[in-house]
Each structure stands twice: as structure tokens, then as C-alpha cells.
Amino acid sequence: MTTSFQNKGLTVLQIVPELETGGAERTTIEVAQALVQAGDRALVWSAGGRLALELAAVGAIHFQGPAASKNPFDVFLANPAKLTALIADERVNLVHARSRAPAWSGLMAARRAHVPFVTTYHGIYSAKSSIKRWYNSSMVRGDAIIANSHFTKAHIIEEYGSDPDSISVIHRGVDIDGFDPAKVSPERVATLAHKWRLDVSRSRPRIILPARLTQWKGQSVLIEALARLKNNKIAFEAILVGDSQGREVYADSLRTEIHAVGLSRDVFLVGHCSDMPAAFALSDIAVTPSTRPEAFGRTAAEAQAMGLPVVASDLGGARETIDPDITGFLVPPSDAIALAQALRTLIEMGPERRASMGAAGFQRIRALFTTQSLQSQTLALYHRIVAERRGE
């Protein structure tokens, strides 16, 4: 990656609760990769997880600790002490936290060590009490705040009255090298289809909902919409791709719902997927029917990068990634009737018109939402903040 600033050999410590799966974890790795490629040092403190090996592969150094703990003793006493020592030992120039509880620990350690502190708002944190609002405020106490969308920035300003100039919008990026239809081999697609017992020929249009299994991601809304399609003799196949992350009761409830509406041969829960480009290549239409705002909506962007039209809920970051009627459709959240109509429109328009809409999304993501853009903007912010602290 080429950056526009002169490398000064920064050492940056990113703090994330764990390295399992999700937007914060993925961005941590992407920024670590950019730091290493720029000749800087990338350190990450987390509780570990399945992505730790991937982090090591990009050249970052991982320090494992109780970063996911919400125990007050860890958050306000033990972890700040550990991080203060780590900052001193590794000569860290800047600390970047990506979640609320470890942000308190990172903030305290950075202040003790007299180094800049940066946060990224990866989600929209609700605050129904003054205590919760105070807890969330760790994310707005740094030298700079990164918002992953304009929607997120507006939320921060409304919630905390933060100075707009202290908030930089750096959109989540899509790895356009990985999420490129031309680079997904037929063998990868066939392997995934075999694993999930799907027909690779796609005799029916295939719909994909890529999201962890949790209620607000809208799996039940989609199932209701698909039942309406089937009642209207519309042929389709749907896959719900995502880890239950221990929510087996919810996963079982989805299976029960699928059976109850007669979709057992049409809708499949396939679990976690480590090859999402191939999953999108297996599909014709993507849907992200979240019932709460997505701060950015990474999967909607990745689906478009793979040339799929997307139907998403009309709220949050989806309004920034999807161009309505051009790259997909926006529908009211929790509205199964509207979702069914949008899906029916895409199914009935046929492969060629869907491909045309998908091509528009392909171009839009490459113009506006790339990993390279996220990396260069983040590193530029790091260098600016450090230079300001040094009085340069």
C-alpha cells in the first residue's frame, strides 16, 4: 500500500475485545497490515480468537489478555496497569481502542503514558440510562474519534454533543481483491455447494442473508417474506449464513419457524462461512433485513462488490452503501410485505437485469468503499495525531 505521508516509524497499539469474527476484528487486521506494509509496528491486545493466526500472518504482534472482560476490577485497575507497562516496554506512540470496556482501560493507560488515544465507533451504542451513557462515553474521550459512516457520526454528535471536527468519517472498506467475482474459482464455489448440499447450477434464484444469528439481524423477517413468496408460487432458494455464537435457542427457533411455514426444502441455515466470496458467488440476491440500524453494513457492501443486487432495511449505514433502484432496494425495517415485494421484483426481473444492477454495485464499491481507502485514511490520521502531540 502506498501512503501520501513520510513514514516515521510509528508503533501503534490497537485494542479489541477478541479476534473471533466481526467488523471491528476485521478492521483491526486490515489496519495492522497497513502499518506493517508502511514500515510501522502493529501491536494488538485482545483475548485472542480464530483470527489471531491471520493477524500474525500480516506481521502484527499479538498480546493476549482479558480485553473482553467487563469486570470493573479488570477494566479500571488490572488492565490499565498491564497496558501502561506494555506501552512503556514497546514504546507505543498511539493507542487505538475499538470497543467500550477496553476503551476505558486504554484511555487510562494512554493518559498515564502521555500518548495519544483514538477510538473507532463500530456500532450504535444505546444508552437508556445516565450510567449506560457514561459507560459508552469512553468512546468519545480520545484525541480523535473515527466513525465508520456519516450515520454513526451524526449519532455521536446527537448523543454526546461532540465537536464535529473531532470526528473523522472513515467508512469500512471492502477487500476488493478478495471480493472479486473474477477471482473466485468454480472449484471454491463447488466445494462450498457440496458442503452445504446445494445445487451449484442454481435452478432456482438463490437468496443469501449473511449475518450472525441474532434477532436484530432480521432472519425472522426474511423467513416471513419468503413464506409470502412461496404462497405466491415464486421459486427461490435461500441460505442463512452466519455463526450462532452460542445462541442455539435462537437458531432452533429459526429452524422451527422455517418448518412451520413449509420452507424446509427452500431455506437452509448453513452456519459460519470462512469463504464469503464463494458464498456470494453461489448466490443471486443478497438481503440484509436488520431491524436496528447498521453502523455501516459491511456485508451489504461485500455483496455489492461481488456483483449482487442487495435488499436492505432503509436505515443506518445501508443508506450510504446502497444506491436505491440502481444497486439494490431499501425497504422499511421489519416489513416482511415490503421485503417480499422487493425480492419478487429482483427474482422476476431475470438474470440479465439482476446482473446489470449487480454491475452497478460492483463499480460503486470500488469507487467509494475499499480497504485501501480505509487503511490510508487511518494511517494518515495516526500520523497527524502523533505530530500534533509532538508539536510538529
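Biologist: Let's start with L13: which residue is its bridge partner in β4?
Modeller: Keep in mind that this is a predicted model. Strand β1 covers residues 11-15 and pairs with strand β4, residues 94-97, in the parallel sense over four bridges. In β4, the partner of L13 is V95.

Biologist: And in what order do the seven strands of the open sheet run?
Modeller: The pairing in this sheet is parallel. At its edges sit β3 (61-64) and β7 (167-169), each pairing on one side only. Read across, the order is β3-β2-β1-β4-β5-β6-β7.

Biologist: By how many degrees are neighbouring strands of this sheet turned against each other on average?
Modeller: Here the direction of the strands is ignored.

Biologist: Moving on, is E237 buried or exposed?
Modeller: E237 belongs to strand β9, residues 237-241. Its relative accessibility is 9%. Buried means under 20%, so E237 counts as buried.

Biologist: Which side chain makes a polar contact with the side chain of E237?
Modeller: Beyond its neighbours within four places in sequence, E237 is in contact with several residues, including L198, P205, D266 and F268. R204 is also one of those contacts. The polar contact between side chains, at 3.3 Å, is with R204.

Biologist: Last one: what distance separates the C-alpha atoms of G350 and T84?
Modeller: G350 lies in helix α13, residues 336-368, and counts as buried at 15% relative accessibility. Along the chain, G350 and T84 are 266 residues apart. Their C-alpha atoms are separated by 59 Å.

How values were computed:
Residues are numbered from 1 along each chain as its sequence is written. This is a predicted model: local features need pLDDT of at least 70, side-chain atom pairs count only at pLDDT 80 or more; totals for chains, interfaces and linings use all residues. Side-chain values use heavy atoms; hydrogens and water are left out. Helices (H or I, at least four residues) and strands (E, at least two) are DSSP runs, numbered from the N terminus. Buried means under 20% relative accessible area, exposed over 50%, partly exposed in between (1.4 Å probe, protein chains only). A polar contact is a pair of N or O atoms within 3.5 Å; within protein, one must be able to donate a hydrogen and the other to accept it, and residues adjacent in sequence count only if both atoms are side-chain atoms. Contact means heavy atoms within 4.5 Å. Two strands pair if DSSP finds at least two bridges between them. Axes are lines fitted to C-alpha atoms, for helices over the stretch in contact, and angles run from 0 to 180 degrees between N-to-C directions.
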